[in-house]
Amino acid sequence: MARVEDFGTYGVWLWESAWTPGVAAVAERLGYTTLWIGGSPDAELTSVEAVLNETERVVVATGIVNIWQADPVEVAASYLRITDQHPGRFVVGIGSGHREATPERVRPLAALGRYLDVFDAEGVPPEQRLLAALGDKTLALAAERTLGAHPYLTTPAHTAHAKEIVGERLLAPELKVSLAATPDEARATARAFLDRYLRLENYVGALKRFGASEADVSDGGSDALIDLVAANPTAAAAAAGIGRHLAAGATHVGVQPLGADILGSLERVADAVGLTDGALGVSSS
């Protein structure tokens, strides 16, 4: 069974399509201990198998399977299949998506509970699952019935609050990093990426609850907000952003590099936080 400590301190969060052959092996070699498969993987979870097959030690987690798009019985069957081949290395993260993208999203907390009930019946242990969680009730459900919580697009203030709810359970926020020659260039990349997220009620609401103003979330986001949720422009700034979440109570941070040079950014961040000696030479730039 996966334990909180098995996630380690630093992970890599990439969209499912970005886990092309070889990326996971390099991320593991750089010293990252958990690899997050983002987006909404389908119930077969073939991308999970691919990442596990090319690595040896890392934990692999989905961030997240959308409960409205993937049947829980099928997901549970995939979990059992994968775990049989890679025992203790796969944690299935689930979440309820966004109202704007999912018209059927009604009473999401109750729907998450029912999904977990199916996992119970089908043999997916609580220690091998987690929840995407922003609000207090979902955080509490994560602490009660799973290994812990995986908040996305949050601030250190949210992390500190979430820690009070989840306690010793896993608290694994995601943090974007945007490395570039200048802050303006880094912010432009981050704003382009964040445009759709700053139109989603659940993310905007969470940011506002923890200090963001209406001006911060309008017109592409203020510089201050962009810098907080997409640490930039240097690896040292990214390491500092990660450190703020850890200081606030995170047990693990999933690093999502923005821009074209994913592996180069991961290497620079790994070097900045002390995972590598910076001499692996994976950057394409």
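1. Where is Asp 219 found? Asp 219 is found in the loop between α8 and α9, where helices (H or I, at least four residues) and strands (E, at least two) are DSSP runs, numbered from the N terminus. This is a predicted model, in which local features need pLDDT of at least 70 and side-chain atom pairs count only at pLDDT 80 or more, while totals for chains, interfaces and linings use all residues. Residues are numbered from 1 along each chain as its sequence is written, and side-chain values use heavy atoms, with hydrogens and water left out.

2. Two residues deserve a look for their backbone angles. Asp 219 is not a glycine and yet has a positive phi of about 55°, and with a relative accessible area of 80% it is exposed (buried means under 20% relative accessible area, exposed over 50%, and partly exposed in between, with a 1.4 Å probe and protein chains only). Leu 45, also not a glycine, has a positive phi of about 55° and is found in the loop between β2 and α2, but at 0% relative accessibility Leu 45 counts as buried.

3. Two peptide bonds are cis. One runs from Gly 63 to Ile 64, with omega near 15°, and Ile 64 lies in the loop between β3 and β4 (65-66). The other runs from Asn 232 to Pro 233, with omega near -5°, and Pro 233 lies in the loop between β10 (230-231) and α10.

4. Next, consider which residues of helix α2 are buried. In this helix, made of residues 46-53, they are Ser 47, Val 48, Val 51 and Leu 52. Seen down the axis of α2, these buried residues fall within an arc of 135°, so they line one face of the helix; the arc is that of the directions from the helix axis to the C-beta atoms. An α-helix has 3.6 residues a turn, so residues three or four places apart point the same way. The cover over the buried residues of α2 includes α1 (23-30), β2 (34-38), β3 (59-63), α3 (72-85) and β5 (90-95).

5. Contacts (heavy atoms within 4.5 Å) show the surroundings of single residues. Leaving aside neighbours within four places in sequence, Val 92 is in contact with residues including Val 75, Phe 119 and Gln 128. Gln 128 is found in the loop between α4 and β6 (129-131) and is buried, with a relative accessible area of 1%. With neighbours within four places again left aside, the contacts of Gln 128 include Met 1, Ala 2, Tyr 79 and Val 92.

6. Two packed helices are described by the angle between their axes and the distance between the axes. The axes of α3 and helix α4 (residues 108-122) come within 9 Å and cross at roughly 45°, where axes are lines fitted to C-alpha atoms, for helices over the stretch in contact, and angles run from 0 to 180 degrees between N-to-C directions. The contact is made by Pro 72, Val 73, Val 75, Ala 76 and Leu 80 of α3 and Tyr 115, Val 118, Phe 119 and Glu 122 of α4.

7. Helices α10 and α11 (residues 262-273) pack at an angle of about 65°, with their axes 8 Å apart. Here Ala 235, Ala 236, Ala 238, Ala 239 and Ile 242 in α10 meet Arg 268, Val 269, Ala 272 and Val 273 in α11. Arg 244 is also found in α10, and at 40% relative accessibility it counts as partly exposed.
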